[in-house]
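Thanks, everyone. Have a look at the model first.

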Amino acid sequence: MKCSIAQTELLQALSLISSAVPSRTTLPVLANILVEATDEGLQMTATDLDLSVTTRAMADVKAEAALTVPAKKLLELVRKLPKEELKLEAKDLTLNVGSKSGRFKFLCIRPEEFPARVNVAPDTSLTIDAKQLERMIKRTIYAVSTDETRPALNGALLQVAEGEIRLVATDGHRLARATLKHPGAVKGALKGDVIVPLKALTHLHRLVAESADPVHVELSKNHARFTVGQGTRKTSLTTKLIEGPFPNYEQVLPKNNNKHLHVKTGELASSLDRVSVFSDSLTRQVKFAVTRNKLTLVVQTPDQGEATESLDVRYDAEDLEIGYNAGYLLDILRTMDSEEVTVQLNTPVTAGLLVPGAPTDAKGTPALEGLLCLVMPLRLAG
């Protein structure tokens, strides 16, 4: 391998893939990244066996070859080098990195020891706008469970239906479902649930947040691949899927929540944030006392103190008192960019539903994106 590459180009590529390198591993080669010099530039891959990220960087390649290089040290060095052209040259099992003022030698591992790339034979494929996918992940990722005794909940359910894409996550206390109307969404031959692990979602969210290019999605029975960008600027993330089944979430969505509380999203979030200062550190319980056109948030914790705030709202159903975990509600409200949120209620023991208000675009037509959030109530004392 022999090539030259701009420090900024190499740093950007390394930053994209380095987070896929496992922090601890019993397989030394996984602490390295696979660097391949081809006539299209440098291709770099990192993997922890469950997830792999591959990206390309523009480089002037004079001799093609491949080598695995210690990821952490290479990133650390390139980050500290000045913004100038770097010379990379491989010899036997070493990689020499040269700058104007220094020479640095990395001890490497043979590329043959690096795990083989996963071949994803897609049963379903489609293309999604990066920003729309970013919003779908942002609106659901907080609800993914980290309880390892329920592995099917350690990821988000990705459903491709006729004309719609859905991303659903739940931890048993709350649920978030983001939808996107998509003319290219056609239910393919894929059978079973597609559950994307939390780690892959986190990486994917970072990738799409930094891209304006469409995201090509390929789904098979056991793997998913997300490709961002094109040509020499292409980055792909391949992940194993979690084995299902995912719970039938539609069964837990209440059907009779006909008491609708309309409130300003920002005002509710700010009030919740303030009164929850006095809430129990474990339950974070806040009481919603709802009367005609008024919502009162009440926190009474014997060893913490008390807090009360009232908000003007639109509500014309019968009075209701119900308890919620303030942290769960704040997580939901942070994902809503609408001015108003509607809380759909029924009884003090029925799950509440939250939906953004006015789901229309600037022209007044129904928005392509939808969001439905569920939060379980807390039993009020006394």
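Let's start with disulfides. The search of the whole structure finds 0 of them, a disulfide being a pair of cysteine sulfur atoms within 2.5 Å. Before going on, the ground rules. This is a predicted model, so local features need pLDDT of at least 70 and side-chain atom pairs count only at pLDDT 80 or more, while totals for chains, interfaces and linings use all residues. Residues are numbered from 1 along each chain as its sequence is written, and side-chain values use heavy atoms, with hydrogens and water left out.

Cysteine 108 is buried, at 10% relative accessible area. Buried means under 20%, exposed over 50%, and partly exposed in between, with a 1.4 Å probe and protein chains only. Cysteine 373 is buried as well, at 0%.

Next, salt bridges. How many turn up in the whole structure? The search gives 23. The criterion is a side-chain nitrogen of Lys or Arg within 4 Å of a carboxyl oxygen of Asp or Glu.

Take lysine 87 and glutamate 85. Their closest N and O atoms are 3.1 Å apart. Lysine 87 is partly exposed, at 46%. Glutamate 85 is partly exposed too, at 46%.

Now lysine 181 and glutamate 164. This salt bridge has an N to O distance of 3.7 Å. Lysine 181 sits in strand 13 (174–181) and glutamate 164 in strand 12 (164–170), so the pair ties together parts 17 residues apart in sequence. Strands here are DSSP runs of E, at least two residues; helices are runs of H or I, at least four; both are numbered from the N terminus. Lysine 181 is partly exposed at 47%, whereas glutamate 164 is buried at 16%.

Glutamate 340 lies in strand 23, arginine 314 in the loop between strands 21 and 22, so parts 26 residues apart in sequence are tied together. There is also a network: shared partners join Arg135, Arg139, Asp337 and Glu369.

Last, cavities. A cavity is a set of points on a 1 Å grid over the protein atoms alone where a 1.4 Å probe fits but cannot get out. The count is 1 cavity of 30 Å³ or more. Among the residues lining the largest cavity are Ile128, Leu133, Leu204 and Phe226; lining residues have an atom within 4 Å of a point. Helix 3 (130–138) and helix 4 (198–209) each give two or more residues to that lining.

Definitions and conventions
On a 1 Å grid over the protein atoms alone, a cavity is a set of points where a 1.4 Å probe fits but cannot get out, and a pocket is an open set with protein on both sides within 12 Å along at least five of seven lines; lining residues have an atom within 4 Å of a point. Grid points are joined across faces, edges and corners, and a volume is the space filled by probe spheres set on the points.
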